[in-house]
Amino acid sequence: MTIWFGGDYNPEQWAETVWQEDVVLMQQAGVTMVTVGVFSWSWLEPQEGTFTFEWLDRVLDTLHAAGIRVDLATATASPPPWLSHRYPDSLPVTETGVRLQRGARQAYCPSSPDYRRLAARLAGEIARRYADHPALELWHINNEYGCHVSRCYCETSAAAFRRWLTNKYGTVENLNRAWGTAFWSQRYGSIDEVTVPSAAPAFRNPTQLLDFDRFSSDEILGIFREEAAAVRAASPSVPITTNFMGLFKPLDYWAWAAELDVISDDCYPDPVDPDSPYLAAMTRDLMRSLADGKPWLLMEQSAGAVNWRPSNAAKPEGMMRAWSYQAIARGADGILYFQWRQSERGAERFHSAMLPHTGTDSVSWKAVCQLGGELREIGDALDAPTHGSVGIMLDWDSWWSIEQTGLPSTIDYMEGVRAWYRTLYDAGVAIDFVNPRSDLGRYSAIVVPTLFVATSDALAALSAYAEAGGRLLVGYQSGITDEEGRLTPGGYLGSLAETLGVRIDEFFPLPVPGSVPADSVRLRANDLGVRDAVGIVWSERLVITSADVVARFASGPLEGEAAITRRSAGAGQAWYAATLPDPWLRSRLVAQLLAGTGVLEDAVAVPGVEVTRRGRHRFVINQTASAVSVPIAGQTLSVEPYGVRILEGDTVWRD
Ligand code: GLA
């Protein structure tokens with residue numbers, strides 16, 4: 001199995017004499033694949049319909065002669081100035097009606113017929129020209145879809161939204177019912193009267209907002225489909241990818257993943273954020289989950305600093321290597337960077353690269369070369385990744401909906417997801433992300449931090465999972481609305497209430513952080529030996545129908561009432577958490593949830609250290625700047641700061 005190594009290569013920024021030096025240095029660094037052409041549109045089609053591929057021919061031939069494979073982009077990520085000059089309506093419009101201009105990148109409306117026609121044509125031209133090029137390994141459609149413009153509020157988008165609604169609802173009566181337009185005199189006489197949810201005087205219709213989020217994700221997926229179809233027509237046997245951006249709210253990656261041959265991700269954790277290791281681990285686990293347990297590619301990371309934070313920290317020695325191995329341990333079969341050679345000009349001239357502006361006599365170049373050499377050596381020996389043992393539910397409808405306004409509280413959807421992930425990560429558990437349609441049965445436990453929007457099928461699937469012997473933990477604000485945004489018929493939690501053995505009587509959301517009075521509530525879990533814990537974000541009055549109380553609120557208006565419950569459901573267990581417990585209590589709960597499943601017996605939990613299994617190998621990665629000792633496989637392994645040791649079975653295989 002090859003572990004690809006390389007990065008974005010933008011030769012149009014350099015004289016051809018530099019290209020020769022590039023390939024020599026690429027070979028020196030162990031580069032096996034580069035992504036070419038991501039931002040080349042104005043160089044490949046300098047005027048509408050005039051194509052100038054000769055320079056790209058020479059680039060690909062040069063790479064091929066050096067034995068370097070190519071991930072070839074369709075070059076559509078940044079439309080050339082002539083496009084919006086000629087078709088000004090192709091420029092996107094913001095929620096407040098500002099039309100964004102050219103001069104940066106991604107300046108296009110996702111619904112623009114001119115952009116889409118010209119993008120698909122260019123993709124087809126490139127695919128036909130290079131389908132049989134011997135350097136071609138992979139197709140790279142567009143780039144980071146939606147990263148700058150994921151929602152457009154122009155007239156063209158409004159017309160596309162109406163077509164999407166007509167397709168979904170058929171008639172205006174159906175739309176009126178689904179959107180609840182009896183409220184605030186919003187009843188439409190015809191779908192022609194509907195527009196996009198631009199800035200408005202008061203709370204906008206929640207179902208209109210949700211449908212607009214769904215539409216926008218679908219609409220951008222539509223551009224991907226058109227480009228992919230043009231590429232596949234000319235090059236049916238070469239796989240296709242487009243690079244994701246981790247936990248990216250605007251696009252429902254579950255829907256997208258199904259249409260990619262290879263999942264790939266761009267990930268730029270902040271070197272000075274102590275949470276970066278677990279946050280990066282989350283995105284790696286998400287990518288493996290989107291790939292349904294198969295390998296994926298780290299399409300972009302940085303060799304050192306980025307240039308888009310207020311202050312851009314460099315990576316201490318060893319960190320880049322440790323983070324690269326983290327991706328491999330969690331299923332990546334490629335480590336690539338933005339970008340190969342640091343730009344001298346342009347908006348990203350201060351972004352690090354594999355080959356820095358300071359040249360080859362630099363610490364970061366040496367680190368890149370060292371990693372390239374190591375990956376070439378270990379690649380063939382690695383097994384394919386596998387599924388995790390615990391699933392965390394991630395649902396874009398819920399993410400979009402719970403962050404609207406006019407709700408019981410202001411909730412950051414990812415706060416709960418991150419919290420439960422962190423607890424499982426700290427316990428050394430192998431984690432997948434799942435959605436309500438996933439095969440839940442393969443997991444020892446399922447954690448649902450918040451499933452605000454839940455179909456009756458989703459609620460039934462969770463109940464069935466627990467009844468069949470699974471360990472289910474459900475968090476607050478789950479089963480609150482159906483897919484139309486209507487409050488769940490029959491009461492919050494719907495059919496899941498019976499499985500959980502609780503009913504929700506009334507919400508008591510906690511004040512948002514920093515508020516007076518306190519933004520937390522005290523908790524007591526006597527049976528777990530926890531007398532003084534706290535909960536944040538949420539509390540609510542539960543009516544216990546058939547559950548055991550695991551923790552109670554110990555302050556505030558609900559003092560003495562149930563906060564966390566557990567019910568034996570069929571062969572399994574169904575837990576409910578009416579608050580977000582602090583890390584200590586969460587770790588106790590996870591230990592209980594997983595007791596008897598065998599999951600924790602296989603896990604190594606040492607603070608700051610990740611032990612991740614990939615087939616026969618276990619990667620022991622020290623994510624800290626201090627040396628650590630790790631008890632594993634009957635021995636104590638010392639691991640240097642940011643060090644990586646790989647075990648095969650019980651013996652150290654690589655350092
Ligand atoms: C993204 C883009 C790249 C580059 C990097 C900089 O990942 O895809 O083109 O802009 O960010 O970090």
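Predicted model: local features only at pLDDT ≥ 70, side-chain atom pairs only at ≥ 80, totals over all residues.
## Ligand site

Ala, Val, Leu, Ile, Met, Phe, Trp, Tyr, Cys and Pro count as nonpolar, Asp, Glu, Lys and Arg as charged, and the others, Gly among them, as polar.

The distance is 2.6 Å for E144, 2.3 Å for E300 and 2.4 Å for E348. On its own the ligand has 310 Å² of accessible area, and the protein covers 96% of it (Shrake-Rupley method, 1.4 Å probe; for residues, only the protein chains shown count as cover).

## Backbone at the ligand shell

E144 has phi near 35°, a positive value in a residue other than glycine. E144 sits in the loop between β4 (136–140) and α6 (155–169). Helices (H or I, at least four residues) and strands (E, at least two) are DSSP runs, numbered from the N terminus.

F338 is joined to Q339 by a cis peptide bond, with omega near -5°. Q339 belongs to the loop between β9 (332–337) and α12 (363–378).

The protein is divided into domain 1 (155–208), domain 2 (390–598) and domain 3 (606–654), with bounds from an automatic or database domain assignment. Between the C-alpha centres of domain 2 and domain 3 the distance is 33 Å.

The second largest pocket is lined by 28 residues, and P206, G406, L407, G485 and L487 lie nearest its centre. On a 1 Å grid over the protein atoms alone, a pocket is an open set of points where a 1.4 Å probe fits, with protein on both sides within 12 Å along at least five of seven lines; lining residues have an atom within 4 Å of a point. The lining divides into 14 nonpolar, ten polar and four charged residues. Because domain 1 and domain 2 both give residues to this lining, the pocket lies between them.

## Basis

Residues are numbered from 1 along each chain as its sequence is written, and side-chain values use heavy atoms, with hydrogens and water left out. Local features need pLDDT of at least 70 and side-chain atom pairs count only at pLDDT 80 or more, while totals for chains, interfaces and linings use all residues.

Methods: Polar contact = N/O pair within 3.5 Å; in protein donor to acceptor, adjacent residues only side chain to side chain.
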